[in-house]
Structures are given as C-alpha cells and as structure tokens.
Amino acid sequence: MTTTKHNYIAGEWLAGADTIENRNPSDLSEVVGLYAQADEAQLNKALDAAQQAQKKWAKVGLEQKQSILQAIGEEMMARAAELGELLSREEGKPLAEGKGEVYRAGQFFTYYAAEVLRQIGDMADSVRPDIEVYVQREPIGTVGIISPWNFPTATAVWKIAPALAFGNAVIWKPANVVPASAVAVAEIIDRQTDKGLPKGLFNLVMGSGGKIGQMLVESPEVNAISFTGSVEVGKGIAAAAIGNLTKLQMEMGSKNALAVMDDGNLDTAVACALGGAFGGSGQKCTASSRLVVHSDVHDEFVERLTAGAKAMVVDNALKVGTQIGPVVSKSQLQQNMDYMMLAKEEGAEHVCGGERVERDTEGYYMTPAVFVGTSNKMRINREEMFAPIACVIKVDSYEEALETVNDTNFGLTSGIITESLARATHFRRNAQTGCVMVNLATAGTDYHVPFGGRGDSSYGPREQGQYAAEFYTSVKTSYVHSGMPV
Ligand code: NDP
C-alpha cells in the first residue's frame, strides 16, 4: 500500500487537508507516492514556527551552524544515487542527470556551510573625528521559497542553503508535480534537529501554487520571496509581494541562443547544440532553443545536428542508455505538440523529430525536433517552449549573429562557438545576458559563482555564490563614538 508523505511544519510531519498522487512520467502505471497538501492553518503554523526558530538560530554558534549545513550536504552527496533515482522517477530526466542534480544540491549545502564562517563585514573611519563605522550583514527573517519542477532538488536547495547559512528561516513550497524530491530534502534537514537545528527553522508546505503558493506570497509574515518558474506567475507574485514591500528575487524563463560561427569547431558546435537544446528534454531555463548559425557552415552544421538528434535515445528515464526521458506531464507534452504545429504554421521547415513515441512503458515521450529556415520574429523563437525543439536561424555575419542573439525579451544565457579570440571577447562583452558561454553549451553552470539574467529572465539580486548574500541579508551600518580620541 502506498503511504502518504506529509508536510514538515514546526519540526513535525503533519497530514494535510488533502492528498495528491504523484505519477512517473516514464511509466504512468507507477504511482511514485501520495503527498499531503497544506491548508491555510498549516501555513500559518509554519510562519509562526519560522519566526520563533529564526531567533533561536541566531543564538547557535557559527561552527555548529557550519557542521549542520555540512552534514546535510554530505548526506545528499552520499545518497545521490538513491535520491537521484527518485528524482528521475518523478520528473523524467535520465538517471545520470537525476543523480548529478542531487549531488550538486549537496555541493550547494557544503559550499554554504563554509560560507557561514566567511561572513565578514567592513570597517571604516567616519568622516567625523573619533567615530568608527561598521558595516555588517544581518538575516532578513523568514524567506518564502517557491521552486519549479524542472530541477526539483537543485533549484530549491540553491535557495534553501544560502537562506539558512545567512541566518534565515525557510518556508518552502515546491512544485506540485515533484513532491517526492522535496520530502527527501526535508527528511535530511529534519535529521539535523537532533544536532541543534531549531524545529521550525525549515518548513515544507506542499500544495498548489494557486492556493498555498499564493497565500505564501501574500503573507505579511514573509520577509523575502525567492521564486523560479514562469514569467506569468512571476509577475503575479511580484504584484502580490509588493503590497507588503516584500523583498523579491525571481528567476524566470528565457530564450537562449547559441551562435555558431564560420570559424568555430563544428564538433564542439554540434555537441553543444545537442546537449544545450535537448538535455533534460529541453526543460531548462538555460536551454539553447535558438541556434544562430553562420551561412558558410549552416548546411554542414544542420546535417550533423540532425544526424545527432535522430540518434538520441528517447526512453524511460531509469533505463541505462536513455539520453532523453519523457517530458514532465501531459500538459507539457500537449504544449510541445502545439508548438510543433505552430512552427509549421509559421513557415519553419521541419527537418526531424517532434513526434510522440511509444515505449515499453506508457509515458510522455517525444523525439527531439529540429526546424530550419526560421526567423527570429517567429513565436517559436520568441516564446519559451520548454521543449526538445531546436530552431535554426541562418545569419550571414558575426554582427548579424550578435544582433539576433540579443533580439529577445529574455536574457539569461547565450553562447558562441568560435576560434577567434576577437569575436569571443566582443561577444562576451556585448551579449545582453546574465551568463555568457564561449565554446560551451548555454546550459551548465557552476555553484560558486553568480547565476541570473536580464530582461524578463530575472528580477532582483543574483542567486548563488557569495552574491547570494545580497538577497538573503540586510546590510546594517553602525556608527560608534567611543568617547575617546581614536
Ligand atoms: P509555474 O511558474 O506555474 O510554477 C513554478 C512554481 O510556482 C511552482 O511551484 C508552482 O506551483 C508555483 N506557483 C504557481 N502559481 C503560483 C502562484 N499564483 N503563487 C505562488 N506560486 C505559484 O511554472 P509551470 O510549472 O506551470 O511551468 C510553466 C512554464 O513555465 C514552463 O513551460 C516553462 O516555460 C516555465 N518554467 C520555467 C522555469 C525556469 O527554470 N525558468 C521553471 C519552470 C517553469 P504548482 O507546481 O503547484 O503550480
């Protein structure tokens, strides 16, 4: 019998008002589990507990805080194979990617464990005599974290770990299609309540975005909200949060472009395009869905890209050898099929893929698609599809490539494949994106450096690395007159 997994509130596992079923997108006959849905009373309980626990956390010593976060990270890394499989079962990404994601989540915790000991302020002499000025960072209080389904563990953890490291309490609402990974993270964090982590410092409230998510972002008890998801929902969250002047950080969609130049290494270009466009079934905010290709290498690039796309193994996420798992849900698959239709209606030339396919187990499988002859004005090149669909745009020069890359409302990542130092440098300086990749895929980032974009892709301070302090802390400037000449 499938047991129901509960919400984690004030250090207790609480049954919800309701329950949802979580199914494996690679095998719809398999129920991954049943998950509780929080109601308003539970959210309020979590908010109260968070406020109390955050004060207790402030009294926990730095070394103890460091070792708690370190232990959480180490458990995640040690259990990456087991929890990665669970992640792949509920989200559909191939096993290696699921394991890699959980391991990476562990690294976020160990990185921020060390960051606990690196919170050093500034000191200055005042412009007035005998006065010293201290600049220090302090926690902001309770942070509401709303995470998406495409990186169920990593995206949430790269918010939770710095929130805790910088002294805050957390209320986490994960995406409702991936609750299993959320419960696994909460179980690991819960183990640290025996080691000094105050009960209620970290709370998991599962439930739908429209209900519990909306209540969370509207709550005046929440001091800051970190959100990753769609632009539309992000704008709604911003509107709700601004009423309380809640601090906000949002990572949203993108429409990333990879520019392939005539002087570029075509092996690198094809490998980066295949991985960037189709990895994670194209369900990445960093996916290379626009491939901007110089006319001199266009035909050969397309030929090799198409051969590569056709050779990619689409199958059950848990099968050895699978390169592309199913897409996450029925509605995502339907949306992808709608985009396939739209591409044809807009006049794009269909080269391969984009078909629904059947495998041994019933799931949301589709083959990776390539379109050529597309223009940057088409909707398929302007809207985030979140699908394994790559659109090639032919250009005649580096200048046209750069202009095309920048012609978007988004601005998360961009990439260039070139052997020219001059072009690489110019591109790095002039691409209007938060992250720029040279001879690398647009997807794939590190955990110790800032991550974020421009335009509709991001709002508020950067995530990750030391830059995360900007969002998770508030700066205090103290003036001290000691009473004696200094
Ligand atoms: P959403 O933006 O709807 O969901 C992201 C998170 O926000 C989920 O936890 C969701 O909960 C929650 N949420 C939804 N509505 C509200 C609300 N009113 N108040 C507070 N929280 C809310 O993205 P989807 O999952 O529906 O995906 C739709 C599209 O968004 C994708 O096709 C893709 O284009 C884009 N997207 C981009 C991501 C990125 O990394 N940049 C990540 C995910 C999606 P619930 O799961 O219950 O709906």
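How much area is buried between domain 1 and domain 2, and what share of it do carbon and sulfur atoms give? Let's get there by way of the overall layout, keeping in mind that this is a predicted model.

The chain splits into two parts: domain 1 covers residues 4-252, and domain 2 runs over 257-438. Take the centres over C-alpha atoms and you'll find 31 Å between those of domain 1 and domain 2. Where the two touch, domain 1 brings 20 residues to the contact and domain 2 brings 24.

Now for that opening question. The area buried between domain 1 and domain 2 comes to about 1,700 Å², and carbon and sulfur atoms account for 63% of it. If you want to know where to look on the domain 1 side, go to Ser26, Leu28 and Trp149: these lose the most area to domain 2, and together they make up 30% of what that side buries.

What about polar links across the interface? There are eight residue pairs in polar contact between domain 1 and domain 2, with both residues at pLDDT 80 or more. Salt bridges are another story, as the count between the two domains is zero.

H3 gives the most, with four residues.

A quick reminder first: strands of a sheet pair through backbone hydrogen bonds, either parallel or antiparallel. Here the sheet is open, with three strands in the order E1-E5-E4 and mixed pairing. Strand E1 (4-5) and E4 are the edge strands, each pairing on one side only.

Follow E4 (residues 18-24) into E5 (residues 27-37) and you trace a hairpin, with two residues between the strands. The pairing of E4 with E5 is antiparallel and spans seven bridges. At one spot, asparagine 24 stands opposite aspartate 27 of E5. Elsewhere along the pair, asparagine 22 has glycine 33 in E5 as its bridge partner.

Key: Residues are numbered from 1 along each chain as its sequence is written. This is a predicted model: local features need pLDDT of at least 70, side-chain atom pairs count only at pLDDT 80 or more; totals for chains, interfaces and linings use all residues. Side-chain values use heavy atoms; hydrogens and water are left out. Two strands pair if DSSP finds at least two bridges between them. Domain bounds come from an automatic or database domain assignment. Contact means heavy atoms within 4.5 Å. Buried area is the accessible area (1.4 Å probe) that two parts lose on being put together, summed over both. A salt bridge is a side-chain nitrogen of Lys or Arg within 4 Å of a carboxyl oxygen of Asp or Glu. A polar contact is a pair of N or O atoms within 3.5 Å; within protein, one must be able to donate a hydrogen and the other to accept it, and residues adjacent in sequence count only if both atoms are side-chain atoms.
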